[in-house]
Amino acid sequence: MRIAFFSDVHSNLEALQAVLDDAKEHKVEKFHFLGDAVGYGPDPNECVKIVCDLSEICLYGNHDYAALGLMDISYFNPYAAEAIRWTQSNLSTESKELFKDFKMTAKVDDIFLVHGTPGNPEEWDYLLDLADAEYNFPAFEEKVCLVGHSHVPVVFKKKGEERALLSREVEVFLEDDWRYIINIGSVGQPRDNDPRASYLIYDQPEKHLFLKRVEYDFTVTQKKMAELGLPKYLYDRLAVGR
Ligand code: ZN
């Protein structure tokens, strides 16, 4: 079976639909979501509904938490905070209900799932470099940990007590003796200088994981955001993936 893991949709319906179409083409049968359904983008309720209908597991991201009023947004940058306030006033009762089934962490097969880091799921830390990876490898027991949050896809791998390695490869064949932390990137707001939506497909029998990029028409999303008065900085960045 093929399973898709996706994260950081951020209310971007066009990117989400492009990813779902792509997953269908790749014969994906199951979906799991790693958090941040909302924040930044123009279609929070549509995205929450699709994410929930589709996914077996849904995790919270920090923007979901913030939109539900469960955390202080004073550390958010001003654009993110403005988008959160807009999301708070536009989030439907139905969406708020759907969020009640979200979790902080989960486990599928030998894969641990968390939005930020396995070490401190509730702190919303970022897992960006080898030092972060070294700190977090002992924090989960499974062979693989999948994360989102930074919007930058990257693979860390570690064999026994040897130092962890960083890889920008988009394909991983799970090997005996190795463990992995993989950031699956963002569907709705990529930040690795590539505007295409990012997600991951796990081919279970082959023990093969691959990061996928999918083009979508971000000008549609940008137009919606401009019309709703969302910050220009937030829709300009969709064109460049930053
Ligand atoms: Zn995010």
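Q: What covers the buried residues of H7?
A: In this predicted model, helix H7 spans residues 218–228, and Thr221, Gln222 and Met225 are buried there. These three cover an arc of only 100° around the axis, so they sit on the same side of H7. The elements that cover them include H1 and helix H8 (232–236).

Q: Which exposed residues does the face of H7 turned away from its buried side carry?
A: The buried residues of H7 are Thr221, Gln222 and Met225. An α-helix has 3.6 residues a turn, so residues three or four places apart point the same way. On the face of H7 turned away from the buried side, the exposed residues are Lys223 and Glu227.

Q: Which residue just after H7 takes a positive phi, and of about what value?
A: Helix H7 covers residues 218–228. Just after H7 comes Gly229, with a positive phi of about 80°.

Q: Why do the buried residues of helix H2 lie on the same side of H2?
A: Helix H2 runs over residues 44–54, and its buried residues are Pro44, Cys47, Val48, Val51 and Cys52. The same side holds them because the arc they cover around the axis is only 125°.

Q: Which strands are included in what covers the buried residues of H2?
A: The buried residues in question are Pro44, Cys47, Val48, Val51 and Cys52. Their cover includes three helices by name, H1 (13–25), H4 (78–90) and H5 (93–98). It also includes strands S1 (2–6), S2 (28–33) and S3 (55–58).

Q: What separation in helical turns do Lys49 and Asp53 have in helix H2?
A: The side chains of Lys49 and Asp53 meet in a salt bridge, 2.8 Å from N to O. Lys49 is partly exposed at 34% relative accessibility, and Asp53 is exposed at 55%. Because the two are 4 residues apart in helix H2, their separation is about one helical turn.

Q: Is Lys158 buried or exposed?
A: The salt-bridge partner of Lys158 is Glu134, which counts as partly exposed at 27% relative accessibility. The cut-off for buried is under 20%. Lys158 has 12% relative accessibility, so Lys158 counts as buried.

Q: Where is Asp194, the partner of Arg213?
A: Arg213 and Asp194 form a salt bridge, the closest N and O atoms being 3.9 Å apart. Arg213 is buried, with a relative accessible area of 19%, and Asp194 is buried with 15%. Arg213 lies in strand S12 (residues 208–214), while Asp194, 19 residues apart from it, is in the loop between strand S10 (178–183) and strand S11 (197–203).

Q: Which residues are linked with Arg213 in a network of salt bridges?
A: The count of salt bridges in the model comes to 14, and one of them joins Arg213 to Asp194. The network that holds Arg213 also links Asp192, Asp194 and Arg196.

Q: Which residues lining the largest pocket are closest to its centre?
A: The largest pocket contains about 170 Å³ of space. Its lining divides into 6 nonpolar, 5 polar and 3 charged residues. Of the 14 lining residues, those closest to the centre are Tyr40, His63, Asn77, Tyr126 and Arg191.

Q: How many charged residues are in the lining of the largest cavity?
A: The structure has 1 cavity of 30 Å³ or more, and the largest cavity holds about 40 Å³. Among its lining residues are His10, Asn12, Tyr40, Thr221, Met225 and Leu238. By class the lining has 5 nonpolar and 6 polar residues, and the charged residues number none.

Q: Which residues is Tyr75 in contact with, leaving aside its neighbours within four places in sequence?
A: Tyr75 sits in the loop between helix H3 (62–67) and H4 and is partly exposed, with a relative accessible area of 48%. Its C-alpha atom is separated by 28 Å from that of Glu94, 19 residues apart along the chain. Beyond those neighbours, Tyr75 is in contact with Asn62 and Trp124.

Note on methods: Residues are numbered from 1 along each chain as its sequence is written. This is a predicted model: local features need pLDDT of at least 70, side-chain atom pairs count only at pLDDT 80 or more; totals for chains, interfaces and linings use all residues. Side-chain values use heavy atoms; hydrogens and water are left out. Buried means under 20% relative accessible area, exposed over 50%, partly exposed in between (1.4 Å probe, protein chains only). The arc is that of the directions from the helix axis to the C-beta atoms. Contact means heavy atoms within 4.5 Å. On a 1 Å grid over the protein atoms alone, a cavity is a set of points where a 1.4 Å probe fits but cannot get out, and a pocket is an open set with protein on both sides within 12 Å along at least five of seven lines; lining residues have an atom within 4 Å of a point. Grid points are joined across faces, edges and corners, and a volume is the space filled by probe spheres set on the points. Ala, Val, Leu, Ile, Met, Phe, Trp, Tyr, Cys and Pro count as nonpolar, Asp, Glu, Lys and Arg as charged, and the others, Gly among them, as polar. A salt bridge is a side-chain nitrogen of Lys or Arg within 4 Å of a carboxyl oxygen of Asp or Glu.
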